[in-house]
Amino acid sequence: MRRQHTRPIPATGSAEVQDGADYRVLILSNGHGEDAIGAELVRRLPAGITAEAYPTIGSGAAYQGVCPIVGPRAVLPSEGSRVHRGSLRADLRGGAIGRLVAGLRFLRTLRNRHDDIVVVGDSLGIIALWLAGHREVLFLDVYKTGFGRPYGWLEQRLVLRTARHVFSRSPELAAVLNRAGGAASCHGNVMLDTVPRGNFDASAHRSSPHAVTLLPGSRGDAPENFALFAAALRLLPAAQRPDVFLALAGTLDPETLASATGLTFAAGGTGDGLGSLEDEDLLIHLVRGRALGNLLEASDAALALSGTAAIQAMGSGVPVIGFRGATERHSRFEAESALFGPGRIAVAPTPEALAGSLSHLLSDPEDRARRAAIGRERVGGTGTLEAVLGVLEHRRRQRSARASASA
């Protein structure tokens, strides 16, 4: 995907500032993958800029030890998915309205507390900020791909009224917003800026010609997805069976995964290694998700259902095999399939289909290389995070200059 900076990024905003203080930023994110992106943005903030994080859904574990976490968080029965009939009803019974009201009330208390707000996620964060009276925010849209349904009319109007600049995943989306009078640009895919790297030497755990990373997701269906992956690996001939790594999301429990597969959890390991799930036929190395980049560097393919991590795998040149998960809308899956093209092999959710595609990839290096190249191109490269940091630093310097001039 070609980087495109379609309009100069404005460095002005409406937030009140206080001379002499750190430049204060609020990161608002709505999902596990979005939290990880927000946390990496905070880690890279230059001196003089401080941040708080408001992860609106879930635990916000990605921000632990990175920056202060603020605000009430919603834990919804549906985990935000609208695939199953009755999911909205279940969320309402689970107190969704009360949590929404609490979130909006909290956002209203933040008026003029921060010099900038950065939204990481989809337009739901933008809508919440609009309802709470915030304007002139920065929006990292990690949801819209440029394929499938674009912004609806009302959604587009709210984005344009609330965000002073939108960082889009595709030049086409940026062009749509610019034609409507907004300010948007595409610098690549922010998910590639934030592939996490940790303390794990995957090469030290290699003994087979090939390696595969498992990405079962972080939602409630992750144990079921993992069980399908394990069953597929069992179908491979022993001579073709690869080294296997599982990138464990913070929400997943190894004992739960062991129960779903009949494997035994053996705790241990160093650094981000957590031990293994194993029996006489399978050995799966467990690694914290924050070392995903380490695993992808050592892998030839990935079995993946998780959204952000699967995209990071393809963008890193690792072909992905997956299927539409139980919590993923059909329209969303089709739109992403159009975007990813041959970079992702979509199969039926059966061990046989997964094993067949994996066997083909591992035995055909030319096809593997072809799919890897397409995945890199379709997902897009790095550069978005650098652009966002540049805007924040420019705004900080502007405020510092005003303070010096008035001193």
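Predicted model: local features only at pLDDT ≥ 70, side-chain atom pairs only at ≥ 80, totals over all residues.
Trainee: How should I read a sheet, and in what order do the six strands of the open sheet come?

Mentor: Strands of a sheet pair through backbone hydrogen bonds, and the pairing is either parallel or antiparallel. Here six strands form an open sheet with parallel pairing, in the order S2-S1-S3-S4-S5-S6. Its edge strands are S2 and S6 (184–185), each of which pairs on one side only.

Trainee: Which residues of S2 are the bridge partners of Tyr23 and Ser29?

Mentor: Strand S1 (residues 23–29) runs parallel to strand S2 (residues 49–55), and seven bridges join them. Tyr23 has Ile49 as its bridge partner in S2, and Ser29 has Pro55.

Trainee: Which residues lie on each side of S1?

Mentor: In a regular strand the side chains alternate between the two faces of the sheet. In S1, Tyr23, Val25, Ile27 and Ser29 are on one side, while Arg24, Leu26 and Leu28 are on the other. Both faces are covered, and all of these residues are buried. Because seven of the seven residues of S1 are buried, the strand is largely enclosed by the rest of the structure.

Trainee: What is the order of the open sheet of eight strands?

Mentor: The order is S9-S10-S11-S8-S7-S12-S13-S14, and the pairing is mixed. Strand S9 (264–267) and strand S14 (344–346) are the edge strands, each pairing on one side only. On average, neighbouring strands of this sheet are turned by 25° against each other, direction ignored.

Trainee: How do S10 and S11 run, parallel or antiparallel?

Mentor: Strand S10 (residues 273–278) and strand S11 (residues 283–288) run antiparallel and are joined by five bridges. One of the pairs is Gly273 with Val287 in S11.

Trainee: Which strands does helix H8 touch?

Mentor: Helix H8 (residues 222–235) packs on the sheet and touches strand S7 (211–215), strand S8 (243–248), S10, S11 and strand S12 (301–304). The direction of H8 makes about 160° with that of S7.

Trainee: How is a pair of packed helices described, and at what angle do H8 and H9 pack?

Mentor: Two packed helices are described by the angle between their axes and the distance between the axes. H8 packs against helix H9 (residues 254–261) at about 55°, with the axes 9 Å apart. That angle makes H8 oblique to H9. The crossing of H8 with H9 is right-handed.

Trainee: Which residues of H8 and H9 meet?

Mentor: From H8 come Pro223, Phe226, Ala227, Ala230 and Arg234, and from H9 come Thr256, Leu257, Ala260 and Thr261. By class, this contact of H8 with H9 has six nonpolar, two polar and one charged residues.

Trainee: At what angle do H11 and H14 pack, and which residues make the contact?

Mentor: Helix H11 (residues 307–315) and helix H14 (residues 365–379) pack at about 120°, and their axes are 7 Å apart. Ile311, Met314 and Gly315 of H11 make the contact with Ala372, Gly375, Arg376 and Val379 of H14. The classes in this contact of H11 with H14 are four nonpolar, two polar and one charged residues.

Terms used: Residues numbered from 1 in each chain as written. Heavy atoms only, no water. Pairing = 2+ DSSP bridges. Helix = DSSP H or I, 4+ residues; strand = E, 2+ residues; numbered from the N terminus. Axes fitted to C-alpha atoms, helices over the stretch in contact; angles between N-to-C directions. Contact = heavy atoms within 4.5 Å. Parallel < 35°, antiparallel > 145°, perpendicular 65-115°, else oblique. Left-handed = near helix turned anticlockwise from the far one by under 90°. Nonpolar A, V, L, I, M, F, W, Y, C, P; charged D, E, K, R; others polar. Buried < 20%, exposed > 50% of the residue type's maximum accessible area, 1.4 Å probe, protein only.
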